[in-house]
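Student: I would like to learn how to read a structure that I have not seen before. Could we go through it together, one feature at a time?

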Amino acid sequence: MDIKNLTIKGESFKKPLILAGPCSAESREQTMSTALELASFGVKIFRAGIWKPRTKPGGFEGVGERGLDWFKEVKEVTGMLTATEVANSKHIEMALRAGVDILWLGARTTANPFAVQEISDALAGTDVTVLIKNPVNPDPELWLGAVERLMNSGITNVAVVHRGFSTYEKGLFRNLPHWHIPIELKRRVPSLTMLCDPSHIGGRPELIYPISQQAMDMGFDGLMVETHINPPTALSDKEQQITPFALNTIIKALVIRETVDSTERLSELRREMDEVDERLLDLISKRMAISREIGRYKVEHNMPVLQPVRYDYTVNRRIAQASELLVDEDFIRTVLEAIHEESVRQQLDIFGKEEKE
Ligand code: PEP
Ligand code: MN
């Protein structure tokens, strides 16, 4: 992949580079009808899983090698490039023999250095384009390690795909974005082409547009979106797939800002700000733990929660510091009061518990 011009196999792509297609190739009809409709909307790269890593046995594990014949037909009929997931050297051999243009490593594979090494060895000497999804766990080193293993095998057409990170807690996202992790990758390897997979991050259709727009705003180069001709009938990931028509509507609505330099600078600043916020939260949490410890001490020694002299001393000292650091005094007073109020609440809580016992 020519990083700046987004060229794959001699063909140039405009930003955003779009890969779209079903989570899984299910039948010849489903594969062809999805591809034809995507092609009619101008999508140039077709994706579909043929070998599917499933969390539990017994689910639909992909159609396997016979799906590769449908890929050949997609190429012949639509002229699209094709992409599929490979997890071992057998998959690679079959996919390359069938002329698949782009291979990707799934999130579970990237998390396994043995598998990544086997794949890198099997790919040595080829000029195939390889996409590396982030590992399921939020570990930028593991992700970079996979990039390095492939590059060490002489694969230069490497790009990464941000698909979010597994979480036990069920929340808004299926996989947490942790945007600072792909941004850290970009900081470490600025030439990396970065794609975003909003389907696996969001896990539902209504999140695909906002996540895609956010990725574009952060300077990502393209998107991989799961697209099915009839999502409710999909054999895998049916909750998150959208129709080719819906994808086209989303792509048309995306605002692509050309000022890449300022976008990158902004991303960098946001990353720094995220880090500071994380430290701030960590410090507040530590402060509350100390407050509770003091609360327990006061209970044991029969002291009242409020010690007005101590409070005045703390606030006045910090406010004097604030003006030295050019931070607004009123603002600092508000922050300190809020923190103090919460500390008192936590200590009263400890007193309350003591009284009940
Ligand atoms: C997929 O793209 O269908 C897939 C299985 O993705 P991931 O490896 O990101 O879970
Ligand atoms: Mn999927």
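Student: How far apart do the C-alpha centres of domain 1 and domain 2 lie?

Tutor: This is a predicted model, and in it the C-alpha centres of domain 1 and domain 2 lie 45 Å apart. The domain assignment places domain 1 at residues 17-253 and domain 2 at residues 264-356. Six residues from domain 1 and five residues from domain 2 take part in the contact.

Student: How much area do domain 1 and domain 2 bury between them, and which residues of domain 1 supply 60% of its share?

Tutor: Together the two domains bury about 580 Å², with 58% of this on carbon and sulfur atoms. On the side of domain 1, His180, Ile183 and Met218 account for 60% of the area buried against domain 2, more than any other three residues.

Student: How many salt bridges does the rule find across the interface of domain 1 and domain 2?

Tutor: The rule finds one salt bridge there. A salt bridge joins the side chains of Glu184 and Arg271, with 3.6 Å from N to O. By class, the residues of domain 1 that touch domain 2 are two nonpolar, one polar and three charged.

Student: What volume does the largest cavity have, and which residues line it?

Tutor: A search of the whole structure finds one cavity of 30 Å³ or more, and the largest cavity has a volume of about 40 Å³. Its lining consists of Lys15, Met216, Gly219, Ile256, Arg257 and Thr263, which divide by class into two nonpolar, two polar and two charged residues.

Definitions and conventions: Residues numbered from 1 in each chain as written. Chains lettered and ligands numbered in written order. Predicted model: local features only at pLDDT ≥ 70, side-chain atom pairs only at ≥ 80, totals over all residues. Heavy atoms only, no water. Domains from an automatic or database assignment. Contact = heavy atoms within 4.5 Å. Buried area = accessible area lost by both parts, 1.4 Å probe. Salt bridge = Lys/Arg side-chain N within 4 Å of Asp/Glu carboxyl O. Nonpolar A, V, L, I, M, F, W, Y, C, P; charged D, E, K, R; others polar. 1 Å grid on protein atoms, 1.4 Å probe; cavity = no way out; pocket = protein on both sides within 12 Å on 5 of 7 lines; lining within 4 Å. Points joined across faces, edges and corners; volume = space filled by probe spheres on them.
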